[in-house]
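I opened this notebook to keep track of what I look up in one structure. The entries follow in the order I made them.

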Amino acid sequence: MLYMLDTDTASYLIKGKSPAIENRLLSLVPSAVCISVMTRAELQYGLKRLPADHRLHLAVRQFLKIIGTLP
């Protein structure tokens, strides 16, 4: 089974604001979780308004390395 995260869920994970979702994902292998290309674009667009040295830039990059993107 493949679980596709929406933008809000991905954002909560990246920001560490949802321990319940984090715990659920810990029981899954990373290859079972993905995001859509639209979610990826929305996460990257959200970074545009932040300074380049903001901690979320690194957090989003790390997230995108782990979670696959589907068209």
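**Entry 1: Glu22**

I began with Glu22, which is partly exposed, with a relative accessible area of 31%. That value lies between the 20% under which a residue counts as buried and the 50% over which it counts as exposed. I noted that the model is a predicted one. I then looked up where Glu22 sits and found it in helix α2, residues 19-26. Leaving out residues up to four places away in sequence, I listed Leu13, Gly16 and Lys17 as the residues Glu22 touches. I also looked up a distance: the C-alpha atom of Glu22 is separated by 10.0 Å from that of Thr9, and the two residues are 13 apart along the chain.

**Entry 2: α3 and α4**

Next I turned to helix α3 (residues 37-47) and helix α4 (residues 55-66), whose axes come within 10 Å and cross at roughly 165 degrees. Angles over 145 degrees count as roughly antiparallel, and α3 and α4 are therefore roughly antiparallel to each other. The crossing in which α3 passes α4 is left-handed. I wrote down the residues that make the contact: α3 brings Arg40, Leu43, Gln44 and Leu47, and α4 brings Leu56, His57, Val60, Phe63 and Leu64. Sorted by class, the residues of this contact are six nonpolar, two polar and one charged.

**Entry 3: α1 and α4**

I then checked α4 against helix α1 (residues 7-15). At what angle do the axes of α1 and α4 cross? They cross at roughly 115 degrees and come within 10 Å. Here α1 passes α4 in a right-handed crossing. On the α1 side I found Ala10, Leu13, Ile14 and Lys15, which meet Leu56, Ala59, Val60 and Phe63 in α4. The classes in this contact are seven nonpolar, no polar and one charged.

**Entry 4: the core**

Which residues touch the most other members of the largest nonpolar core? I found Leu5, Ile14, Ile35, Leu43 and Phe63, out of 17 residues in that core. Two or more residues come from each of α1, β2 (33-36), α3 and α4. The most come from α4, which gives five residues to this core.

**Entry 5: Leu43**

Last, I looked up Leu43 by itself. Not counting residues up to four places away in sequence, Leu43 touches Thr7, Ala10, Ser11, Ile14, Ile35, Val60, Phe63 and Leu64. I had already met Leu43 on the α3 side of the contact with α4, and again in the largest nonpolar core.

Technical notes: Residues numbered from 1 in each chain as written. Predicted model: local features only at pLDDT ≥ 70, side-chain atom pairs only at ≥ 80, totals over all residues. Heavy atoms only, no water. Axes fitted to C-alpha atoms, helices over the stretch in contact; angles between N-to-C directions. Helix = DSSP H or I, 4+ residues; strand = E, 2+ residues; numbered from the N terminus. Parallel < 35°, antiparallel > 145°, perpendicular 65-115°, else oblique. Left-handed = near helix turned anticlockwise from the far one by under 90°. Contact = heavy atoms within 4.5 Å. Nonpolar A, V, L, I, M, F, W, Y, C, P; charged D, E, K, R; others polar. Core = buried A, V, L, I, M, F, W, Y, C linked by side-chain atoms within 4.5 Å. Buried < 20%, exposed > 50% of the residue type's maximum accessible area, 1.4 Å probe, protein only.
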